[in-house]
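Me: I would like to go through this model term by term. Please set each value against its definition and conclude.

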Amino acid sequence: MQCRDIEEVLEQDGLALLPESARAHLARCPHCQDYIADLETIVSAAHELPAEVEPPAGLWMALRAQLEREGIIKEPTADAKEKPASWWDGFGSFFRSRAMATVTVGALIAAAAIVELRQPRELPLPPEVVATVKQLNEQEIDVRNMHLAGTSPVDDALEQNLKEIDDFIADCERHLQGAPQDDLAREYLYSAYQQKAELLAAMLDRGRSVN
Amino acid sequence: MCTRSMGRSVTLVLGTAVALGSSGFAEAASQRIEKHFPVNGRPVVVIQNVANGRIEVKSSKNPEVVVVANETSSKVDFAMEQAGDRVDVTASILDASAQPLDLETSLQLTVPEETELQLKTENGLIYVEQVMGDMTLESIAGDIHLKEVSGYIIVKTTGGSLVCTQCAGKLDFNSVGGGAQILQPALTNVNLRTTTGNILFDGDFIRTGLYSMKSGKGLVEVRFSGNDSFDLKAQTATGTVDNQAAAFLKPDSHGTVGRLGSRFKGLFGTFGAGLAKVELSTYSGTIRILRRDVAYPSH
């Protein structure tokens with residue numbers, strides 16, 4: 001069994017019913033382990049949602065409009081017009097279909113889970129890296145203060161390269177917040193931290209020798 | 001009487017002005033320093049240049065290191081020392097308030113063909129031609145051009161770029177903003193890394209060689225030849241892989257993409273027997289793969 005087979009099994013049978021062959025693959029494949037961990041996070045987030053979600057009124061309006069456009073809900077007949085009924089009654093009858101109700105609630109939970117996952121989160125970095133980044137940021141403030149008077153082409157080049165590194169780091173960090181399992185982006189981020197440390201050291205040395 | 005004394009005064013003033021002017025001219029005029037250091041065997045040359053200017057190193061058959069320094073002002077001092085086969089040249093700024101123009105100095109070195117180099121500068125070109133030996137070349141904003149050099153070559157820049165023509169041996173390049181162009185190489189081990197610069201490798205992959213080229217945001221372009229034999233991995237996080245040699249690459253013969261799963265963005269391929277190993281990557285730039293002996297539309 002390979003990684004893509006695992007994805008198919010999960011789509012068909014869910015997390016709880018993994019066959020033996022899938023479990024064997026999972027035991028030795030870190031990528032699938034990460035994938036399963038992500039899914040479990042989504043499921044547990046969905047479980048933590050309130051049992052009864054009160055949807056915003058606008059959602060029902062939009063759903064009704066869409067259902068009407070697709071012809072699933074028809075305009076009320078003449079008889080029905082005689083006995084005025086609210087749009088909720090029509091929607092309620094639609095909800096009497098158990099299958100449709102299940103699908104709709106499932107979609108709502110999934111949407112809520114996605115919203116939850118898309119909230120801005122702390123970048124998942126090991127504590128030692130976080131400490132190093134903090135030090136780098138402090139050092140950068142010192143360097144910038146030191147270089148305020150620098151006007152040579154070399155100072156300009158260093159400032160420009162520091163800005164480029166900062167922009168690149170910010171880009172990688174943003175990407176990793178959305179895709180924390182992207183090993184390549186993480187490798188580039190760590191490499192950029194290292195380059196920034198070397199650059200700041202060079203700037204500090206130069207500042208000391210000039211000032 | 002009055003006219004005579006006035007004439008003397010004018011002469012005095014003019015004389016003083018000429019004297020002052022000539023001394024000012026002497027200060028601005030360029031100075032040339034030339035020193036010869038006889039060596040035995042394989043010397044080590046170390047240059048620490050904090051000034052602003054070009055460093056040029058060429059080789060000769062003579063067993064000596066010749067250093068020629070040209071400076072435009074007396075605001076830079078060169079200290080040159082020899083200890084056995086080691087020659088040290090250090091430039092230092094005498095006047096901290098000197099303007100960049102005053103700090104322009106150039107160094108020309110002639111060394112034996114087999115020489116080890118350690119050159120460090122801030123600005124200005126480093127040019128090395130026909131030298132065999134390990135070399136470490138560091139620059140902040142200056143470019144580095146190498147021609148027909150061989151050995152273990154380490155190049156580190158902040159913003160400067162590298163052009164390496166007909167280089168052999170092993171090459172390590174690391175830069176924040178500088179790019180690297182490797183032309184007609186005979187390198188067995190290549191490790192190129194830049195954050196925002198572009199990389200171009202135009203030449204043969206030596207069998208059993210290892211080649212790693214990484215650019216954070218730039219273009220990584222490889223032009224291989226029809227005689228090459230290599231396994232290729234090209235990977236990007238958010239960029240693109242432009243494989244214009246797809247017709248010549250056997251796709252993923254090891255089944256690696258399947259093992260990596262849907263998160264992998266890139267390609268694996270094999271050309272020939274897959275003897276060399278080539279790894280290309282970019283975070284958000286473009287990887288372009290071309291075969292040199294095929295005509296492509298211009299980019």
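**Terms and values, chain by chain**

Reply: Of the 211 residues of chain A, 14% count as buried. The model is predicted, so local features need pLDDT of at least 70 and side-chain atom pairs count only at pLDDT 80 or more, while totals for chains, interfaces and linings use all residues. Residues are numbered from 1 along each chain as its sequence is written, and chains are lettered from A and ligands numbered from 1 in the order in which they are written.

Me: What makes a residue count as buried, and what share of chain B is buried?

Reply: A residue is buried if 20 or more other C-beta atoms lie within 10 Å of its own, exposed if 12 or fewer, and partly exposed in between; the C-beta atoms are placed from the backbone.

Me: Why is Gln130(B) called partly exposed?

Reply: Gln130(B) has 16 C-beta neighbours inside 10 Å, so it falls in the partly exposed class. This residue sits in the loop between β9 and β10 (135-139) of chain B. Its phi is positive, about 55°, although Gln130(B) is not a glycine.

Me: And why does Gln184(B) count as exposed?

Reply: Gln184(B) has 12 C-beta neighbours inside 10 Å, and therefore counts as exposed. Its place is the loop between β15 (180-183) and β16 (186-194) of chain B. Gln184(B) too is not a glycine, yet has a positive phi of about 45°.

Me: How do you know what span to expect for α9(A)?

Reply: The expected span of a helix is 1.5 Å times one less than its number of residues. α9(A) has 26 residues, and from its first C-alpha to its last it reaches 38 Å, close to the 38 Å expected. Buried residues of α9(A) include Leu158(A), Asn161(A), Leu162(A) and Ile165(A). An α-helix has 3.6 residues a turn, so residues three or four places apart point the same way.

Me: What makes two residues a contact, and how many residues does each chain put into the contact between the chains?

Reply: Two residues are in contact if their C-beta atoms, placed from the backbone, lie within 7 Å. Chain A gives 28 residues and chain B gives 26. On the side of chain A that touches chain B, α1 (3-13), α9 (153-178) and α10 (183-210) each supply at least two residues. α9(A) gives the most, with twelve.

Me: What is the make-up of that side of chain A by class?

Reply: It has 15 nonpolar, nine polar and four charged residues. Ala, Val, Leu, Ile, Met, Phe, Trp, Tyr, Cys and Pro count as nonpolar, Asp, Glu, Lys and Arg as charged, and the others, Gly among them, as polar.

Me: What makes β9 and β11 of chain B a pair?

Reply: Two strands pair if DSSP finds at least two bridges between them. β9 (residues 126-129) and β11 (residues 144-147) of chain B have four, in the parallel sense. So by that definition they pair. Val128(B) stands opposite Leu146(B) in β11(B).

Me: Why are β1 and β21 of chain B at the edges of their sheet?

Reply: The open sheet has twelve strands in the order β1-β4-β7-β3-β9-β11-β13-β15-β17-β19-β25-β21 (chain B), with mixed pairing. β1 (31-38) and β21 (240-243) each have a single partner strand, so one side of each is left without a neighbour in the sheet.

Me: Why is β24 of chain B called mostly covered?

Reply: Five of the seven residues of β24 (residues 276-282) of chain B are buried. Six bridges join β24(B) in parallel to β18 (residues 210-215) of chain B. Seven bridges, also parallel, pair β24(B) with β20 (residues 230-236) of chain B.
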